[in-house]
Amino acid sequence: MSDIEIGRSKRARRGYTFDDVAIVPSRRTRDPQDVSVSWSIDAFSFEMPLLAAPMDSVVSPATAIALGKLGGVGVLNLEGVWTRYEEPEKVLAEIRGLSAAEATARMQEIYAAPIRPELITARLAEIRAAGVVVAGALSPQRTQEHYETVIKAGVDLFVIRGTTVSAEHVSKTTEPLNLKKFIYELDVPVIVGGAATYTAALHLMRTGAAGVLVGFGGGAASTTRASLGIHAPMATAVADVAGARRDYLDESGGRYVHVIADGGINTSGDIVKAIACGADAVMVGTA
């Protein structure tokens, strides 16, 4: 794909959002009942290609259980109010009642409370007791601190999700998470992201990740684009990462890494477009 010129010193590449593309039927059609949208990752199979995003406004243990029984996956935010407070419902009710003027300061106070390992264990145990797949998420910054608690609690899918995650993070102040070493030493499948380019995704696949989250700011609840200027046109991003998966499949001698579109999913049609672009599943959420 040829570059376009932004200015004399910068060139760019045209990217496409899900709104920019459409599905065109081919000459052959198929009955809906003959089509399966199920997918599997590692030893786990799901009837729906849908994961609920690890956000306090989206997933509670109860919603994770309900979605799991419907055939999807609810990913619990292990850094949210459910692992900081004994009675998170009261905290969430307070948040709902905050005005715009007071929301930022109060939210900072709420999320300054420490993460409690015993609550991580209790919340994941509640989901496991319902007989559904247990999925929990930590940010890269918190993973080394809490992963042992998460593993001992019996998580089935470990999600490492950040605004943008790379296999080669550089820091002068802290020791970065060595993803390859970390994933190699775990006995559970790890899904990691976000990434939105061929190269970044290929490097994440080489760490041993079972799945890669594509996107970092395309969703309705995201402020990443406005606050950091980071955005991924999702149709192009998913297609690029699917291309990395194809090449990694050859490079690794047949190891398949799942591509999960994380952002830009506003309608059921966007789910169809994401899968057509190469995604195995989508991660959804709302404000």
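# A predicted barrel and its surroundings

Visitor: In which sense do β5 and β6 pair?

Guide: The model discussed here is predicted. Two bridges connect β5 with β6, and one of the residue pairings sets L51 against V73 of β6. The sense in which β5 and β6 pair is parallel.

Visitor: How many of the residues of β6 are buried?

Guide: In a regular strand, side chains alternate between the two faces of the sheet. In β6, V73, V75 and N77 point one way, G74 and L76 point the other way, and all are buried. Strand β6 is therefore largely enclosed by the rest of the structure, the buried count being five of the five.

Visitor: Which residue of β7 is the bridge partner of L76?

Guide: Strand β6 is joined to β7 by three bridges, and the two strands run parallel. L76 is among the residues of β6 that are buried. Its bridge partner in β7 is G136.

Visitor: What closed arrangement do the strands β5-β6-β7-β8-β9-β10-β11-β12 form?

Guide: These strands follow one another in the order β5-β6-β7-β8-β9-β10-β11-β12, with parallel pairing. Neighbouring strands of this sheet are turned against each other by 25° on average, direction ignored. The closed arrangement of the eight strands is a barrel.

Visitor: At about what angle to β8 does helix α5 run?

Guide: Helix α5 spans residues 140–152.

Visitor: Which residue of β11 does L213 stand opposite?

Guide: Strand β10 comprises residues 211–214 and runs parallel to β11. Four bridges join β10 and β11. The residue of β11 opposite L213 is I260.

Visitor: Is D262 buried or exposed?

Guide: D262 is found in strand β11. Setting aside residues up to four places away in sequence, D262 touches R161, L213, V214, G215, F216, M234 and M283. A residue counts as buried under 20% relative accessible area. The relative accessible area of D262 is 10%, so D262 is buried.

Visitor: What covers the buried residues of α10?

Guide: Helix α10, residues 268–277, has D270, K273, A274 and C277 as buried residues. Viewed down the axis of α10, these buried residues fall within an arc of 100°, so they line one face of the helix. The face turned away from that buried side carries the exposed residues S268 and A276. Included in the cover over the buried residues are α9, β11 (258–262) and β12 (281–284).

Visitor: Which residue with a positive phi follows α10?

Guide: Helix α10 covers residues 268–277, and C277 is one of its buried residues. The residue that follows α10 has a phi near 125°, and this residue is G278.

Visitor: With the side chain of which residue does the side chain of D240 make a polar contact?

Guide: D240 lies in helix α9, residues 234–251, and counts as buried because its relative accessibility is 17%. Apart from residues up to four places away in sequence, D240 touches R13 and Y198. The polar contact of the D240 side chain spans 2.8 Å, and the partner is the side chain of R13.

Visitor: How many Å separate the C-alpha atoms of I4 and R14?

Guide: I4 is found in strand β1, residues 4–7, and is partly exposed, with a relative accessible area of 43%. Beyond its neighbours within four places in sequence, I4 is in contact with R11, A12, R13 and R14. I4 and R14 are 10 residues apart along the chain, and their C-alpha atoms are separated by 7.2 Å.

Visitor: What covers the buried residues of α2?

Guide: In helix α2, residues 88–96, the buried residues are P88, V91 and L92. Seen down the axis of α2, they fall within an arc of 95°, so they line one face of the helix. The elements covering them include α3 (100–110) and α4 (117–129).

Methods:
Residues are numbered from 1 along each chain as its sequence is written. This is a predicted model: local features need pLDDT of at least 70, side-chain atom pairs count only at pLDDT 80 or more; totals for chains, interfaces and linings use all residues. Side-chain values use heavy atoms; hydrogens and water are left out. Buried means under 20% relative accessible area, exposed over 50%, partly exposed in between (1.4 Å probe, protein chains only). Contact means heavy atoms within 4.5 Å. A polar contact is a pair of N or O atoms within 3.5 Å; within protein, one must be able to donate a hydrogen and the other to accept it, and residues adjacent in sequence count only if both atoms are side-chain atoms. The arc is that of the directions from the helix axis to the C-beta atoms. Two strands pair if DSSP finds at least two bridges between them. Axes are lines fitted to C-alpha atoms, for helices over the stretch in contact, and angles run from 0 to 180 degrees between N-to-C directions.
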